[in-house]
Amino acid sequence: MTPSTKRSRKFRRRQSWRLAKIHWIYGTDEMRDLYGVSRNTPANWVKQGLIPIDGVKPIAVEGSELNRFHKQRWQDSKRPLGDAELYCGTCDRPTTPQSGLICFKSNERGAGSIMASCGRCGKAVELFVSSKQAKHFLSTYQVNDDVGRND
């Protein structure tokens, strides 16, 4: 592992759920080295739901349990969009288009990208959609050719 990879992994909040070997036993030091986290992080993970092998210190965890815990955290951190919602990176949440206007650019198969202005902050947002999603957006919102563009 290169130093830049280790450095970039050090400050992640979500860890890879495929990193631990499932049949290995990891102590606190091994977990810290594997994920590049601070010394208190494994103890915090136990408080958040990581199940150690036994309740005795030092903490020892099976690799399969580490992977399960991180996969669950990964899934819990996802924010699925509802029907006809766009994700605004500025507001950091799902939103509906401003004034109900969208701009749709399709490809040859009916799928494409939808651009609109955020209903909260007014910034441009874009979502790539399938043909089924595109039909739903087009039936829900009014189509306008110049919405969401910053040209």
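Asp29 and Arg32 sit three residues apart in helix H2 (residues 28-35), a separation of about one helical turn. In this predicted model, their side chains meet in a salt bridge, with an N to O distance of 3.2 Å. Both partners are partly exposed: Asp29 has a relative accessibility of 48%, and Arg32 has a relative accessible area of 30%.

The structure holds two salt bridges, and helix H4 (residues 63-76) is the place to look next, as Glu65 is found there. Glu65 forms a salt bridge with Arg68, their closest N and O atoms lying 2.6 Å apart. Here too the spacing is three residues, about one turn of helix H4. Glu65 counts as buried because its relative accessibility, 13%, is under the 20% limit, while Arg68, at 37%, is partly exposed. Beyond its neighbours within four places in sequence, Glu65 is in contact with Gly49, Leu50 and Ile51. Pro52, 13 residues from Glu65 in sequence, has its C-alpha 8.1 Å from that of Glu65.

Turning to the strands, four of them form an open sheet of mixed pairing, in the order S7-S6-S5-S8. Strands S7 (124-129) and S8 (142-143) stand at the edges with a single partner strand each, so one side of each has no neighbour in the sheet. Strand S5 (residues 101-106) runs antiparallel to strand S6 (residues 112-117), and four bridges join the two. Within this pairing, Phe104 stands opposite Ile114 in S6. Helix H5 (residues 131-140) packs on the sheet and touches S5, S6, S7 and S8. The direction of helix H5 makes about 135° with that of S7.

Methods
Residues are numbered from 1 along each chain as its sequence is written. This is a predicted model: local features need pLDDT of at least 70, side-chain atom pairs count only at pLDDT 80 or more; totals for chains, interfaces and linings use all residues. Side-chain values use heavy atoms; hydrogens and water are left out. Buried means under 20% relative accessible area, exposed over 50%, partly exposed in between (1.4 Å probe, protein chains only). Contact means heavy atoms within 4.5 Å. Two strands pair if DSSP finds at least two bridges between them. Axes are lines fitted to C-alpha atoms, for helices over the stretch in contact, and angles run from 0 to 180 degrees between N-to-C directions. A salt bridge is a side-chain nitrogen of Lys or Arg within 4 Å of a carboxyl oxygen of Asp or Glu.
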